[in-house]
Amino acid sequence: MTEDQLEQICFELIAYAGSARSEYIGAIQAASAGRWDEAEAKVKDATEQFMQAHNAHQDLIRAEVEQPGAVPVRIALVHAEDQMASAESFKILGDLFFDLYRRMEREK
Amino acid sequence: MKVLMLCSMGMSTGMLCDRIKAAADAQGVELTIWAASEINARENVGEADIVLLGPQVKYIKDRIVDMVENKIPVMVIDMVAYGTMNGEKVFADVQACMEEWEHD
């Protein structure tokens, strides 16, 4: 893998994972305001975007498995990984928040 | 035209900034563009004619619109353009956004 190829994959990861993260956060914001259709749409978009990030990420893992050391750890890659981990956290938290907001609405 | 780009750390945006500037230069359009982390948004928005948001921070859009009192446009960068570092596409979107803003 060349530096350029790695850089390109990292920017894709940062864009897709970052966008997924942002959509999950937006979903929580929408649910908080009672805009449930919007929240659902955002979760759907987020999940699609996260899958694209996940697939690109799999290419990196595969490259490393086939040839240990093939993927150099650059700061761009570290940032991409943190966006992915963050997206996943917000998905998990989002689901918990949705339960909470629904419960609040029922108890009103 | 003064363009502020906000993202979570300001790193990936920095490289895209250069490409957007190059696209503007290629068309002979005068452009000043700089990147900042959303943490430093408040100190930077005053200088800008338009604020661009990286897709990772699109959820702060409403907050930034409030921050600029809706006096300048706030545009989320297209995710694919951002991921492929497509300076020309983003520059075209900026121009379209500014034109639309001036029409209203």
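In chain B, helix 5 (residues 87–103) lies across strand 1 (2–7), strand 3 and strand 4, and runs at about 135° to strand 3. Contact here means heavy atoms within 4.5 Å, while helices (H or I, at least four residues) and strands (E, at least two) are DSSP runs numbered from the N terminus. Axes are lines fitted to C-alpha atoms, for helices over the stretch in contact, with angles running from 0 to 180 degrees between N-to-C directions. The model is a predicted one, in which local features need pLDDT of at least 70 and side-chain atom pairs count only at pLDDT 80 or more, whereas totals for chains, interfaces and linings use all residues. Residues are numbered from 1 along each chain as its sequence is written, chains are lettered from A and ligands numbered from 1 in the order in which they are written, and side-chain values use heavy atoms, with hydrogens and water left out.

Now for the sheet itself. Chain B has an open sheet of four strands in the order 2-1-3-4, with parallel pairing; two strands pair if DSSP finds at least two bridges between them. Strand 2 (32–37) and strand 4 (74–76) of chain B stand at the edges with a single partner strand each, so one side of each has no neighbour in the sheet. From one strand to the next, the twist averages 25°. Strand 3 (residues 50–53) of chain B pairs with strand 4 of chain B in the parallel sense over three bridges, and B:Val51 has B:Val74 in strand 4 as its bridge partner.

Helix 1 (residues 3–32) and helix 3 of chain A pack at an angle of about 20°, their axes 8 Å apart. That makes helix 1 of chain A roughly parallel to helix 3 of chain A (angles under 35 degrees count as roughly parallel, over 145 as roughly antiparallel, 65 to 115 as roughly perpendicular and the rest as oblique). By class, this contact has 19 nonpolar, six polar and two charged residues; Ala, Val, Leu, Ile, Met, Phe, Trp, Tyr, Cys and Pro count as nonpolar, Asp, Glu, Lys and Arg as charged, and the others, Gly among them, as polar.

Helix 1 and helix 2 of chain A pack at about 160°, with axes 8 Å apart, and are therefore roughly antiparallel to each other. Their contact divides into 18 nonpolar, six polar and four charged residues.

For helix 2 (residues 36–66) and helix 3 (residues 75–106) of chain A, the axes come within 11 Å and cross at roughly 155°; these two helices are therefore roughly antiparallel. Residues of helix 2 in this contact include A:Trp36, A:Phe50 and A:His57, and those of helix 3 include A:Met84, A:Phe98 and A:Arg102.

Between the chains, 21 residues of chain A are in contact with 15 residues of chain B. About 1500 Å² is buried between chain A and chain B, with carbon and sulfur atoms giving 66%; buried area is the accessible area (1.4 Å probe) that two parts lose on being put together, summed over both. A:Phe11, A:Ser22 and A:His79 supply 36% of the area that chain A buries against chain B, more than any other three residues.
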